[in-house]
Amino acid sequence: MTKNQRNPAFFSIFLCVLKISAYLCDLSQKEMYLNKRFYYILMAVILTIALGYAVKPLFTVGRIMLLLLAVAVVADIALLWSRRGINAFRTLSPRFSNGDDNPVSIRLESNYPFAVHAEVIDEVPVVFQRRDILFKVPVRRRGEATVTYNLCPTERGIYGFGHVRVFVSTRMGLAQRRFTCCEQQDVKVYPSYLMLRQYELLAMSNNLTEMGIKRIRRIGHNTDFEQIKDYVVGDDYRTINWRATARRHQLLVNVYQEERSQQVFSVIDKGRMMQQAFAVHDGNRMTLLDYAINAALVLSYVAVNKQDKAGLVTFSDHFETFIPASRKSGQMQTLQEALYAEHTQFGETDYSALLAGLSRHVTHRALLILFTSFTSMAALRRQLQYLRQLASRHRLLVVFFEDEELASLTSHPATTPGGSPSGTSKPTTEQVYQHVIAEKFAYEQRLIVQTLRQYGIQSLLTTPQNLSIDVINKYLEIKSR
């Protein structure tokens, strides 16, 4: 074949390739796509045909390769469209736990009489900003495969899941068929109920110390009488019942049980300072309000199991939510539904509104666990008079937060320029300023604790990650007194 004869043949073949590509692109509207392997082979075919101008046999080889490619693509498409080959089912909890890993499972069922390769894309809620929910899974003929991953929400609310997209290809790997599975569904993100289950299981096995909860020895006598028992070494001699001892002619002691049905209120500040976010894990960040809500839920659960009454108070620039203290069976569900709907207000916190609201709703002395954030002595002084009035009417515990990033800065002191030890580099001026400012904030927090203690107000300075454990230990300590 001469060069002039090859030109129209080459262009006719090239036009044929373009028409086939256009037709296959139209198939994409019918959920059919071409893989990279097809384009790599097509590039090789075009290159072989182009080289046929210099080497005559390559032109014939290129045409044969193009014919085989066309036949292979048609056969691949026919296999994929022979039946409804793949079904996918998404399994997840009807509600998610905030700040915890929540498992999501996708199960694939294949009806193809041959093995296929599947790429699974789950349309997760946009709030997660996840771009890695793509799983490549081999599926045996008429077999099943399961994909599982975790999602960690950092905000409460309603999260919307989209469809599950499954892209299926045969072993030839020239074309893909897309299957759209699973209906769109919404999932509510609640305060950390997974933590409640963890505490419940550990409580059943008496292994709460594994979570860091201390065994508090009961002291004092501000308790209810339970029974009389024989004296054993180690019993408090002040509990000896001398009348019973005289009758039985052996030492007997009174046994007391801790007081029950005490009112325990979780008081949550929803002001702008509670919008500050701290890291959970994997770069995710959760606000102080969400940490406080999770801790309040766990504390209420522990209080109810200790036969106390748990209640809830939230406030910002005005007195907002109030749930009376109770230990009835549905109290935990009531608290969980109320905490689910709480959101940070960006106004200034009004402690006078809190004082007025508690004076109106809580008439008996109660334990108030106040979750708030004080960053400076000036902020504390503005609210100190209201805290003192609350402490005079109730048992008040003020819980505020320690910044771990500031603690890490203060734990590694910067050396002064010109006086650095040998073998260490001199810090920059910016590093020195950062260290000095971190020390100032740390000193202010210690001063806040000392000031509250001077006025008889108990305080707890803790990191957001240790909040739940530290609050429970403090509650058990106060209860033992």
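User: What makes the meeting of the side chains of Arg107 and Glu109 a salt bridge?

Analyst: A salt bridge is defined as a side-chain nitrogen of Lys or Arg within 4 Å of a carboxyl oxygen of Asp or Glu. In this predicted model, where local features need pLDDT of at least 70, side-chain atom pairs count only at pLDDT 80 or more, while totals for chains, interfaces and linings use all residues. Residues are numbered from 1 along each chain as its sequence is written, and side-chain values use heavy atoms, with hydrogens and water left out. For Arg107 and Glu109 the N to O distance is 2.2 Å, so the pair meets the 4 Å limit. As a general point, side chains of opposite charge can pair when their charged atoms come close.

User: How do you know that Arg107 and Glu144 also form a salt bridge, and which parts of the chain does the pair link?

Analyst: Their N to O distance is 3.9 Å, which is still within the 4 Å limit. The pair links distant parts of the chain, since Arg107 belongs to strand 4 (residues 102-110) and Glu144 to strand 7 (residues 144-151), 37 residues apart. Strands (E, at least two residues) and helices (H or I, at least four) are DSSP runs, numbered from the N terminus. Through shared partners, salt bridges join Arg107, Glu109 and Glu144 into one network, and a search of the whole structure finds 9 salt bridges.

User: Why is Arg107 called partly exposed?

Analyst: Buried means under 20% relative accessible area and exposed means over 50%, with partly exposed in between, using a 1.4 Å probe and protein chains only. Arg107 has a relative accessible area of 29%, so it is partly exposed. Glu109, at 23%, is partly exposed, and Glu144, at 47%, is partly exposed as well.

User: What distance makes the pair Glu342 and Lys270 a salt bridge, and are these residues buried or exposed?

Analyst: The two side chains meet at 2.5 Å, N to O, which is within the 4 Å limit. Glu342 lies in the loop between helix 7 (331-340) and helix 8 (351-361), and Lys270 in the loop between strand 14 (263-269) and strand 15 (277-279), so the pair ties together parts that are 72 residues apart in sequence. Glu342 has 5% relative accessibility and therefore counts as buried, and Lys270, at 3%, counts as buried too.

User: How do you know that the count of disulfides is 0?

Analyst: A disulfide is a pair of cysteine sulfur atoms within 2.5 Å, and by this rule the count comes to 0. Cys181, for example, is in no disulfide, and its nearest cysteine sulfur, that of Cys182, is 6.0 Å away. At 5% relative accessibility, Cys181 counts as buried.

User: What makes a set of residues a nonpolar core, and how many residues has the largest one?

Analyst: A nonpolar core is a set of buried Ala, Val, Leu, Ile, Met, Phe, Trp, Tyr and Cys residues joined through side-chain atoms within 4.5 Å. The largest has 41 residues, and Phe96, Leu108 and Tyr149 are among those with the most contacts inside it. Apart from this core lies another, of 39 residues, which includes Tyr291 and Leu367.

User: How many residues has helix 3, and what makes its length close to the expected one?

Analyst: Helix 3 (residues 56-80) has 25 residues, and the expected span is 1.5 Å times one less than the number of residues. From first C-alpha to last, helix 3 reaches 37 Å, close to the expected 36 Å.
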